[in-house]
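Please examine the sequence and the structure shown below.

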Amino acid sequence: MCAREKTLIKPEGALVDLNVNPCKMCMPMGAVTAAYGVKGCMSILHGSQGCATYIRRHMATHYNEPIDIASSALTEQGTVYGGEENLKKGIDNLIKLYNPRAIAVATTCLAETIGEDVAGILDHWRADHPQSEITFIPVATPGYGGTQFEGYFRFLHALVKNVVPQPDLALPHQLNIVCGPMSPADMRALKDLVELFDIEAVFIPDIGDNLDRARLDTYHRLPEGGSTIEQIATMAGAALTIEIATFLPGEYSPGTYLEETHGVPCVRLNLPVGLRDIDAFIDALAEFSQQDIPQKITEARGRYLDAMIDSHKYNAQGRAAIFGEPDFCYAVARMCVEEGIVPVVVAAGSRSPDLAEALRDDIKMVAENLMIDDWRVVDRADFGDIERLAVEMGANVLIGSSDGRRVAEKCGIPLVRCAFPVHDHVGGQRVRMLGYEGSLVLLDRITNLILQRVETTFRSEIRREFLDETPLAQKSSATLSSTHAEAVSSVKKKKPHPCFDGSCAAEHGRIHLPVAPACNISCNYCLRRFDCPNESRPGVTSAILTPEEAFERYVKAKKLLPNLSVVGIAGPGDALADWDKTERTLEYIRAYDDDVVFCLSTNGLLLPRYADRIAELGVSHVTVTMNAVDPDIGAHIYRSVRLDGVSYVGAAGAAVLLSNQLAGIKRLVELGVTVKVNCVLIAGINEDHVRAVATKAAELGVSVQNIMQMIPVPGSAFGDLPQVTLKTLQRIRTSCEGIVSQMYHCHQCRADAAGLLGDDRSYLLAEEAPTALSLPNQQPSAVWIKVAVASRSGIMVDQHFGQADEFLIYETDANMTRYLERRGVKRYCQGSEACDDHDDRTARVIETLSDCDAVLSLRIGQTPMRALCERDILPVVTCDGISAAVIEAAKRVFTEKEVSEDVRDEESQEALCTILT
């Protein structure tokens, strides 16, 4: 929950990258952006030509305006002997072409590294041009010295320092406003607010017109809008400076410079985003102008409050990952807190060691109200950090620049683009977030993405948010079997498997346990959805199970399906990408049932790493999906391959995958594991290549090849491709029959299938009444408590407390669970027309559960939560599997009972209840 320093070496000594895809841009870009807020000002970068090209491209794509930036174009000779002549010649050419009123001279890494004295060079130029009235604004902006955030304010500090002050020309009661990075639309909105108070103000920078111009018949090379040099000169005589910046270092603060040098008082405010900070800015304007707040502003505030009320019931589900400049992160995080959205990740690209402490109390308040225990605020973050933390913290909305789009695409988290740069959408220059109206627009965008996410991926996202990753209890060496040699020997004892041997498909059933949602490759035909109960294809499941829940499901299935003999893990992602969960599941079941047949399905990327361990666990059958043995063909099938934190695309990715598949299959065959190769037949892609796959599979010792039709999935890259005909499929299978044995009875099963092939009985597991189960080698304790569970399915905690018509009652000792009974209640939440006796109905429900020590539900209101606490019943909000959730709740109850032994008085008991809920 605090900022951290990056290190080059992990605690275990492994080398890591210091920075991966930085969440920042260079200092010169910040300086050039700010310079566009000065009328008639032109920028020149003292450095290589590429720096100017890079910045022009970024700014032009975001602002959708032509961007002019000059360069001194340092070459090898200038680097060795000094670049004074290059800079002076560049200035001369700039003046001939543009005739600017002011010139911003920003350095780059190259100029700073060789130690160029820019101020001295400019003095020499002035000596050669004594008649020139151009104002120079030299600013040191080495790319390695900071980010665009620091470069932006370094320019503003240099601006007020280098413009000759003329305090006597200041307007009566003039206000200076120093603006942090914002969009041109927000700049215009800010000026409109100030104008409503009839305040005479000078803004630096004023990019409202220059970077979002109206259409003109004639192109103007120089900025026609913005603050003039003459206006900036009067800032030294203003009555007050308002600096809209939170984490600006004092040495680069224009307001601090004006205060210390010219005696102009300075007030620093946060970006006016969100209710508190907009109110603070409006109050400051009202106090300065000595006027009442205009009715127009009051009405805008009222509309924003109404929008907050409209959205709050949805935003409690929001888990935001915010990234960008420190001021942006701080402002948006505070706004999210006001809306009930938990900023579970706040990542600043710039160095900002005070950010975590500044946000701690805000985030803690909203997180505790929603029973969220963990979040992260970091500085100097890169997108590797952001991706990892967003997944770890269960973020369901990203807020920042379009540079986060790859994280959004890979992790399936929607992105609100509201910061520089926005490269993949138009309108970056018109993004609004300042003031009541701007924050209302941003609020609607965030809420709508949260709603969209809830509607499409509710189950999977909530599971990830609350997923229990508690490690499996240690098993005895006797239980976990023996040596590697013994395990390999047991693998070689062939057992019937319905997929590998069609002759036993009518006698032997199988169950797929969906414990592995992660995947390390992206296939163009794949679109994994975990919440689709009516769709039958690989990669689909109704829920993701923990290893503990998977074990429970297997035990139930054995009772219901007496011919069940095979346990398979087929995702819904890749069994080896979530190896810890796959391994724990197999260990549980092997300790319970030594005769079960284990199989795994994998893309093979990690096979060389885990092949030996697979054999040790007694996995006798492995299916590897290998669609091509030519990287150029594979490049058309796989969008990306991710191995050890590095993403590979195109033929390079396909080659990495293929190399590991071949090595892994070879090792499995050596260990005696039966290997089947699946090959997805894709029209127009690999139809003529499947024989080559069969040939390579036979060379490696593969037992069976399964050629199957690609199932077009709407939304995937191949969603519009036609499915190959059965006639074509049969022809290709026949042509490969003489090379390697073919599978003809595949049903392309779901990742949670159970029963015989073609006769899925997984629905019976949801209908089966819960039973008492314990994990292998766990001993019951002497103390048992009762736990009530709100559940529609009987498998998951998936019902709101107020919507429950009955509760499942379990008994548990925090190791084992026993199902006792169902208790019917009259649900208290029946709509607004029946709210008169709401408190009475709540009391009756709680009275029915009065002998329980905890109540588990998907959601619960504040009123029943407090009422449960008053009865010493622990309310727990989760959506985990019932058994795992009941055991976890019992652990909390036992821990809290120990704590409460020392808490005797009523006030302390109430405080403890508040903390625990």
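## Helix packing

A crossing of two helices is left-handed if the near helix is turned anticlockwise from the far one by less than a right angle, and right-handed if it is turned clockwise. The crossing of helix 4 and helix 6 is right-handed. Helices here are DSSP runs (H or I, at least four residues), numbered from the N terminus.

This is a predicted model, in which local features need pLDDT of at least 70, side-chain atom pairs count only at pLDDT 80 or more, and totals for chains, interfaces and linings use all residues. Residues are numbered from 1 along each chain as its sequence is written, and side-chain values use heavy atoms, with hydrogens and water left out.

## Angle and contact

Helix 4 (residues 84–98) packs against helix 6 (residues 118–128) at an angle of about 55°, and their axes lie 10 Å apart. Helix 4 is therefore oblique to helix 6, as angles under 35 degrees count as roughly parallel, over 145 as roughly antiparallel, 65 to 115 as roughly perpendicular and the rest as oblique.

## Cysteines

The whole structure contains 0 disulfides, a disulfide being a pair of cysteine sulfur atoms within 2.5 Å. For Cys-679, the nearest cysteine sulfur belongs to Cys-736 and is 8.0 Å away. Cys-679 counts as buried because its relative accessibility is 0%, where buried means under 20% relative accessible area. Cys-736 also has 0% relative accessibility and so counts as buried.

Technical notes
Axes fitted to C-alpha atoms, helices over the stretch in contact; angles between N-to-C directions. Helix = DSSP H or I, 4+ residues; strand = E, 2+ residues; numbered from the N terminus. Buried < 20%, exposed > 50% of the residue type's maximum accessible area, 1.4 Å probe, protein only.
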